[in-house]
Amino acid sequence: MLALVDCNNFFVSCEKVFNPKLEGQPVVVLSNNDGVIVARSKEAKALGIPMGAPRFQCDDLLKKYQVVVLSSNFSLYSDMSQRVMQTIQSLGYDFEVYSVDEAFLSFEGDKKEQARFLSQAQEVREVILQWTGIPVSIGIAQTKTLCKAANYFAKQGDGKHVVLIAEEVRKEYLERLGLQEVWGIGSKSCERLKKKGIFTAWDLSACSDQFLRKELSVVGLRIAMELRGIPCLHVEEVRAPRKSISTARSFVQPLFLLDEIQAELARYTGRVCEDLRSEKSLASCISVWYEAKDAVVSANKAYDMRSSILQEPTASTSELISQAKALFTILYKGGLKYKKVGVLLSDLVPEEGFQQDLFSAPALSQERKKEAKKAKVMQVIDQLNAEFGAQTIRFAAEAVKSRCKRELCAWDELPIVSV
DNA sequence: TCTGGGGTCCTAGGACCC
DNA sequence: TCTGGGGTCCTAGGACCC
């Protein structure tokens, strides 16, 4: 059997751990630039505040019910996520970290041992709550997609927290699960299928394979199989290396000047490179892109991107910053109002034993030495930043301050503990 | 009038997830 | 006036090869 552990209202729960006064209050957490609502406490959900809604659209509701509105603190959430995952690990389960707030666990044993699975799940829940302060819900079933469904029911606020969908009750649950709640069925597919008379998870699972293949490709077929209790997705204990790493930000006010935008890009490049090195990967390709306002008026593109393939894969911040700046220089059009820019590293290869370019081999020893030297410098920078805090050492090209709006952080008030 | 068949690789765009 | 950020997978179509 599989189990899906899903943290309840994760970002809000993290905030509550450090500010217990928030308990019982309607709380929302905002995205970067305080733009949209990305997490809600159960009290905020009850007020009808929608997920993913632009904040300004909810201003009236937020004010009326005195909702506590917080800017996001992603480094905190990622730290708390690690604590939750470490707790699961210490309990000795085979598991897959699926997202910042979810993990799939394998429960050994015969599928008939329902009572045992339920009590195991209860224990997992209690230990996580006690050790980290984060409440979780757990869905247990034969397949990942059914676990997701079970988890949905576990979250329905009847104080259950743990739900097991056994074969005998599968139909009953799936008939109660709306199509839009099925994992992998998004709004587009949902609309299309409803027109064809498919409204519940059960309806979907009962469609012919041929129909599913045609309407939703192999993806839809897989979902239906999983809903029927036939596993198509397995628990991946070892995380596959990432295929791309990117950073992009929108600005509160559009930027115009080449220098300013390049400094931003350099900062993002610094970040992605740090990520890249912590993955122990090298990038073979770098891309830079922008989104602009009023581009139509100026007859320029509202979105554009340039990429360059690197001669040798690298994780050197200095090299990638100069590549990023060069790419943006090509893209840059004076007078455009840039509202967002981003950097993307792709074609990532493992740091160890990457395929070397046959034709560059003669020059390799020299190049190799240079590369090794650069890698050493990067390593020292990463160590210093890890020890003394992010951006203790950075490249001169990188913009110093974030241009993001985050007005609703109360973290400066936290006391500092000296050990 | 009749114009093969089988394959790979790349890219852009769509859809989805958290 | 103000609408986030970071990913993955799949498909279709074009170019190209033998």
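Select serine 346 and show its neighbours: Lys243, Ser244, Ala283, Ser284 and Cys285 touch it, leaving out residues up to four places away in sequence. Contact here means heavy atoms within 4.5 Å. This is a predicted model, in which local features need pLDDT of at least 70, side-chain atom pairs count only at pLDDT 80 or more, and totals for chains, interfaces and linings use all residues. Residues are numbered from 1 along each chain as its sequence is written, chains are lettered from A and ligands numbered from 1 in the order in which they are written, and side-chain values use heavy atoms, with hydrogens and water left out.

Stay on serine 346. Helices (H or I, at least four residues) and strands (E, at least two) are DSSP runs, numbered from the N terminus. Serine 346 counts as buried because its relative accessibility is 14%. The classes are buried under 20% relative accessible area, exposed over 50% and partly exposed in between, with a 1.4 Å probe and protein chains only.

**Zoom out: chain A**

Show chain A as a cartoon. There are 13 helices and twelve strands. Its C-alpha atoms fill a box of roughly 65 × 55 × 55 Å along the principal axes. Of the 419 residues in chain A, 43% are buried. Take the contacts between residues at least 6 apart in sequence: 66% of them join residues at least 24 apart.

Select threonine 247, in strand S9. Is threonine 247 buried or exposed? Threonine 247 is buried, because its relative accessible area is 8%. Beyond four places in sequence, it touches Tyr268, Arg271, Val272, Val341, Gly342 and Val343.

Now pick glutamine 253, also placed in strand S9. Glutamine 253 counts as exposed because its relative accessibility is 57%.

**DNA strand C**

Select the protein around DNA strand C. A residue is near a strand if one of its heavy atoms lies within 4 Å of it. There are 23 such residues, and Ser31, Arg242, Lys243, Ser246 and Ala248 come nearest. Colour the DNA atoms within 4 Å of the protein by part: 69% belong to sugar or phosphate, the rest to bases.

- Serine 244: a polar side-chain atom is 3.2 Å from a phosphate oxygen of DNA strand C.
- Arginine 249: a side-chain N or O atom is 3.1 Å from a sugar or linking oxygen of DNA strand C.
- Serine 250: a side-chain N or O atom is 2.9 Å from a phosphate oxygen of DNA strand C.

Helix H10 (209-227) and strand S9 (244-255) are the elements giving two or more residues to this surface. The largest share, seven residues, comes from S9. By class, the surface near DNA strand C has eight nonpolar, eight polar and seven charged residues. Ala, Val, Leu, Ile, Met, Phe, Trp, Tyr, Cys and Pro count as nonpolar, Asp, Glu, Lys and Arg as charged, and the others, Gly among them, as polar.

**DNA strand B**

Move to DNA strand B. Of the 13 residues around it, Ser99, Lys148, Gly184, Gly186 and Ser189 come nearest. Of the atoms of DNA strand B that come within 4 Å of the protein, sugar and phosphate account for 100%.

- Aspartate 101: a side-chain N or O atom is 3.0 Å from a sugar or linking oxygen of DNA strand B.
- Glutamate 102: a polar side-chain atom is 3.4 Å from a sugar or linking oxygen of DNA strand B.
- Serine 189: a polar side-chain atom is 2.3 Å from a phosphate oxygen of DNA strand B.

Strand S5 (95-99) and helix H8 (187-195) each supply at least two residues of this surface. H8 gives the largest share, three residues. The classes near DNA strand B are four nonpolar, five polar and four charged residues.

Conventions: Polar contact = N/O pair within 3.5 Å; in protein donor to acceptor, adjacent residues only side chain to side chain.
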